[in-house]
Amino acid sequence: MPHDVAAPRAGETAATPDVPYYLPTGTERALFETAHKNRLPLLLKGPTGCGKTRFVAHMAARLGLPLHTVSCHDDLTAADLTGRYLLKGGETVWVDGPLTRAVREGGICYLDEVVEARKDVTVVLHPLTDDRRLLPLERTGELLEAPDNFMLVVSYNPGYQNVLKSLKPSTRQRFLALDMGYPAPEQETQVVVSETGIETDRAQMLVMVANRIRGLQGVDLEEAVSTRLLVYCATLLQAGRPLNEAVQAAIIEPLSDEADVKQGLFETIDALLG
Ligand SMILES: Nc1ncnc2c1ncn2[C@@H]1O[C@H](COP(=O)(O)OP(=O)(O)OP(=O)(O)O)[C@@H](O)[C@H]1O
Ligand SMILES: [Mg+2]
């Protein structure tokens, strides 16, 4: 059933059976809806575990659109997205890839970690992301025009990718872009509570720990503690695990392998929680 996207939904913070829970941190939902309505592609940037994937799943459900997700990796080629001829029972048959399926059927195609994909992927994305909205399938000779409800959403994490792996300006400038950081403390607390059912003051304590770690200067961490890890930590606490174990398993160990860095994190957290 299509959702009424204009009307505010009741029980905004509660998960509904058909719409995955997502707490907006700003005006990102309106921007997404406007982009979709105007047939513009969207690039989501942000650190790991900040809610990019959840946001896309939430918006697809709100807009009543099918979601085709592709996790990109460094072996991903254009053919993996568009499709290929396969041998089936002695015959060669064309099998659509996920991008082609999304263009034929409509809906949202979400390319997660798009900078990981091989360079030839951008060749496919370019005609699809300018005003032509075309997907040429060289192998079948088809030229598919994206339907009005088709939207391409890509995400990447600008933090740990090296320069070689950033997107070319000619690719980036085909997308509207949204910078998604970690939610502000009050919102992040609400996310942790909603996701795990933990008491508000315990969630607040975890968010305070996270923000202290995020603010540490000169510590050798690739990424700071994510909202995802706070949800994990709260999940352990809700399952009755002791605080020190939860912090160790959900915050310290996932962040680093270096003994001195882990010791530094432990001391920082210990000073906060006592
Ligand atoms: N605004 C939010 N509303 C609801 N849940 C959130 C929000 N932000 C983060 N989360 C929680 O954080 C978890 C991780 O989010 P998600 O998987 O969307 O991160 P991501 O940005 O896609 O990370 P990655 O770059 O590693 O793929 C979610 O499963 C959810 O529990
Ligand atoms: Mg993700």
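**View 1. Helix 8 crosses helix 11 in this predicted model.** Helix 8 spans residues 200–214, and helix 11 spans residues 259–273. Their axes come within 10 Å. They cross at roughly 140 degrees. An angle over 145 degrees would count as roughly antiparallel, and 65 to 115 as roughly perpendicular. The two helices are therefore oblique to each other. The crossing of helix 8 past helix 11 is right-handed.

**View 2. Residues of helix 8 meet residues of helix 11.** Helix 8 brings M205, M208, V209, R212 and I213. Helix 11 answers with L265, T268, I269, L272 and L273. Sorted by class, the residues of this contact are 8 nonpolar, 1 polar and 1 charged.

**View 3. Domain 1 touches domain 2.** Domain 1 covers residues 28–179, and domain 2 covers residues 185–273. Their C-alpha centres are 33 Å apart. Domain 1 gives 7 residues to the contact, and domain 2 gives 6. On the domain 1 side, 3 of the touching residues are nonpolar and 4 are polar.

**View 4. Helix 2 packs its buried residues against other elements.** Helix 2 runs through residues 52–62. Its buried residues are K52, F55, V56, H58, M59, A60 and R62.

**View 5. G64 follows helix 2.** The phi angle of G64 is positive. Its value is near 65 degrees.

Note on methods. Residues are numbered from 1 along each chain as its sequence is written. Chains are lettered from A and ligands numbered from 1 in the order in which they are written. This is a predicted model: local features need pLDDT of at least 70, side-chain atom pairs count only at pLDDT 80 or more; totals for chains, interfaces and linings use all residues. Axes are lines fitted to C-alpha atoms, for helices over the stretch in contact, and angles run from 0 to 180 degrees between N-to-C directions. Helices (H or I, at least four residues) and strands (E, at least two) are DSSP runs, numbered from the N terminus. Angles under 35 degrees count as roughly parallel, over 145 as roughly antiparallel, 65 to 115 as roughly perpendicular and the rest as oblique. A crossing is left-handed if the near helix is turned anticlockwise from the far one by less than a right angle, and right-handed if clockwise. Two residues are in contact if their C-beta atoms, placed from the backbone, lie within 7 Å. Ala, Val, Leu, Ile, Met, Phe, Trp, Tyr, Cys and Pro count as nonpolar, Asp, Glu, Lys and Arg as charged, and the others, Gly among them, as polar. Domain bounds come from an automatic or database domain assignment. A residue is buried if 20 or more other C-beta atoms lie within 10 Å of its own, exposed if 12 or fewer, and partly exposed in between; C-beta atoms are placed from the backbone.
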